[in-house]
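Please look through the structure below with care, keeping the sequence beside it as you read the report that follows.

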Amino acid sequence: MEGGILRDQFADLRMGLFISMPIGTVLSALILAVQLFSGAGLVAVLWFAAVSVINGARIGLAIAQSDIPAQPDIPDSRPKPVAARLSLYGLLALASGIAWSFLAVLSDGYTTPQAPLYLIVLAGLSAGSVTYSASYAPASLNFMTLPLLLAAGCVLVKGNVENYVLGFTILLFLAGMIRSSLLGQARFRETSRLKYEAREFAARMERNSRRDPLTNLLNRYGLEQAISQLGHSGGPFVAMLIDLDGFKSVNDTYGHNIGDDLLVRVARRIENHAPPGATIARIGGDEFVLLFPASGSPHSTDGLASLIIAAIADPDPALNSVRVGASIGIYVSEKPQLTEMLLRADFALYAAKRSGRNEYCLFDAELDHGLERKHCIERDLRGAVEAGALCSWFQPIVRLDTHAVVGFEALLRWQHPVHGAIPPPEIVTAARETGLLSLLTETVFLNCCSMIEELARTGRQDVRVAMNLSPRELEAGNVDDMILGGLETKNVPAAMLEIEITEEAPVDRDRVDEKLERLADAGISIVLDDFGTGFSTLVSLKDSRIRKIKIDKDFVRDLAKSVEDQALVKAVIDLGRTLGIEVMAEGIETDADRLILRSLDCTIAQGFLFSAALPMHDALAFEPRHFDNSAAQAALDPAGRPSRRTGSAA
C-alpha cells in the first residue's frame, strides 16, 4: 500500500508542477526585470539562470515519472524508486528555496525600495507551493522555510515597531504555511490509504466471491471466470461432474460439521489426483467439477475417473457406519463452455447413477440423443397440455372375488409426434423441470372429474377414480385448494375421488399432513401408493387418514415363484385387515399371481392381466372377464398358509 501512496503523492506533485512552475518562472522574470531597471546587472541574471535551471530540473523529474510502471492492482510494488524520486524532488525544492533566499542579497537585506514587492512575491510563491505541493510536505517546506526565515531576520534587524510587526507577521505566516503543508500531506496520504484499502477490500471480495469458503475451491462464479480465460486455449477439454453417493447419510448420522469435514477431505483427494493445471470447483452441496485439457492428463479419461472414484470411496476412519462413494459424469468438448459442459456432464452423471454407486459415464452419441429427447419433451409439454394432446387413460381396478370393477387409476398418456408414447414418469419429470407440474396435476384432476361425472351419471357411485400426487407437490403448492375448489365447482362427489400418495420424503411433513387432513375431511380417500418401496415405514399405517394401501408391483410380479414375497404380502394383508385398512395389489400380470393373491385374502387388484389403461370411453364400457377361483385354495397348505410346494413348483 505504501508504494501506491507514494505514487499518488508523486502524481499529485507532477500535476501541480505544470501550474506552479510557469507561475514561478513568470515571477522570477518579473524580479529580473525590476533588478535590471534598477541597475543590478549580472548578479540578477545569474540568479534568474539558477532559478530557471532548478525549475527545469524539477519539470524534467516530473516528466521522467513515466518510466515507473503503474500497477494499481499491486499498490506495494516498487515503492523504492518512487520514494527516491520524491526525495530528489525535495532536494530540488530545497535548492530552489536557497536560490530564492538570494532575494535578501538582491534587495540588500530587504532595504531597497523594491523589498515590499519581493516580500509579496515570496509570500505568494510560498502559499502556491503549499497549495500545489499539498501531497508532499517536504516540497513546500524545503522551498519556503529558508527564504522566509531570512526575510524575517532581515526585517527584524532593521529595528523599530513596524519592522518588528512585519517580521513577526512573516514568522507567523511561515508557521501557518508549515502547519498547512503538514496537514495537507497527512490528509492526502489518508485519502490515498483509504482508496487503496477500498481497492484491496473490493479485490478481496472479488476473490472471495469466486471461492467456496469451505473447501477453498472455485465456486460456480469462479468456475465461469476461469473457463472464460480458457477460451483461446487448445482443446479438447474434459469436464468431470463428481457427485457424492451417500453424503446425505453422513449429515443425518454424524451431523453437518462432520459432513463439512468430509467435503474438505474429498476436495483435497480430487486435488491430489487432478492433472497439472486443472480447474477444480465445488458448485453444489456435494457436487464438484474437474476441468482440464485432455492432452494435459497423464491418465486416460476412464483411468482418471476410476482413480478419483477409488480415492473418494476409500473408507474414512471417522465414518464407521456410512460408506461414501462417488458417481462421475464426463463430457469432452473442443471449446470450454460452462453451461453446455455442465448440462451434458450432468446428464451423463445421472446415467452413471442409474448403473449404481461408484460408477462413471461418458457423454456419448446415445446420451446426446437422450438429452435431445428430454429437451424436446420439455419444450413441447406445455403445448401438448394446452392442445389436449396430453390426456388421462384409466386402468380398471377389480375385485378378485366378484370380478367387479371397483375403481380406475388415472394414468398419463402422451403420443409425442416425434418420440412416440412418452412414459408417465418422464412426463412428470419434464413437468417438474419446466415448472408445469401444477398445470399437469390440474389437467389430470379435471380428467378425473370428467370420469367421475360419467360414472355418477350412469349410477356407478360406488366406483372410485384415483389420481397420483407426490408429497413434494402437496408441500410446494396449493393443490388442496385446487382439488377442493374444483370438486365444489363441478359438483362432483368427493367420496368418488382417491388421492394416491407415493412414499417420498417431504421436507415439511407438517405442511403435507395439514393438506392431507383437509382432503380427507372432505371425504376424499387417501391411498398409500407403492407401499414397501419408499422412504416411510410402518408408522405410515398408523395415520388414520390412510384408507387403502397398494402393495408395490415389485412384490407382486412373479409372486407365485417366491415364497418369501408371498409371506411379505400375506403379512401386509393381515396387518391392513387388523388396522381396518383396505389392501390392494398392483402389477398383476399372470393368472398364477392372481390365484396366489386370492389365496392370501387380497380382494382388490389391478394389472395387465385384467386390462391395461384405456381411454375414458373404453374404460367406462369395460367389463372384466371372469376367472376361475377354484384353484385359489390349492395355493394354501392345510394350515391356511401359502403353500411352499406351490410356490416352488410355479
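Is Asp601 buried, partly exposed or exposed, judging by its relative accessibility? In this predicted model, Asp601 counts as partly exposed, at 36% relative accessibility.

## A salt bridge at Asp601

The side chain of Asp601 meets that of Arg577 in a salt bridge, at 3.6 Å from N to O. Because Arg577 lies in helix 20 (residues 563-579) and Asp601 in the loop between helix 21 (591-599) and strand 14 (604-606), the pair ties together parts that are 24 residues apart in sequence. Arg577, with 46% relative accessibility, also counts as partly exposed.

## Other salt bridges

The structure holds 31 salt bridges, and one of them joins Glu498 to Arg464, with the closest N and O atoms 3.3 Å apart. Glu498 belongs to strand 10 (residues 497-501) and Arg464 to strand 9 (residues 464-469), so this pair ties together parts that are 34 residues apart in sequence. Glu498 is buried, with a relative accessible area of 2%, whereas Arg464 is partly exposed, at 29%.

Another salt bridge is formed by the side chains of Glu378 and Lys374 (2.7 Å, N to O), which are separated by about one helical turn because they stand four residues apart in helix 13.

## Helix 12

Helix 12 (residues 338-354) has 17 residues and reaches 24 Å from its first C-alpha to its last, close to the 24 Å expected. Its buried residues include Leu338, Met341, Arg344 and Phe347, and what covers the buried residues of helix 12 includes helix 8 (220-228), strand 1 (237-245) and helix 13 (365-387). Just after helix 12, Gly356 takes a positive phi of about 120°.

Terms used:
Residues numbered from 1 in each chain as written. Predicted model: local features only at pLDDT ≥ 70, side-chain atom pairs only at ≥ 80, totals over all residues. Heavy atoms only, no water. Helix = DSSP H or I, 4+ residues; strand = E, 2+ residues; numbered from the N terminus. Expected span 1.5 Å × (residues − 1). Buried < 20%, exposed > 50% of the residue type's maximum accessible area, 1.4 Å probe, protein only. Contact = heavy atoms within 4.5 Å. Salt bridge = Lys/Arg side-chain N within 4 Å of Asp/Glu carboxyl O.
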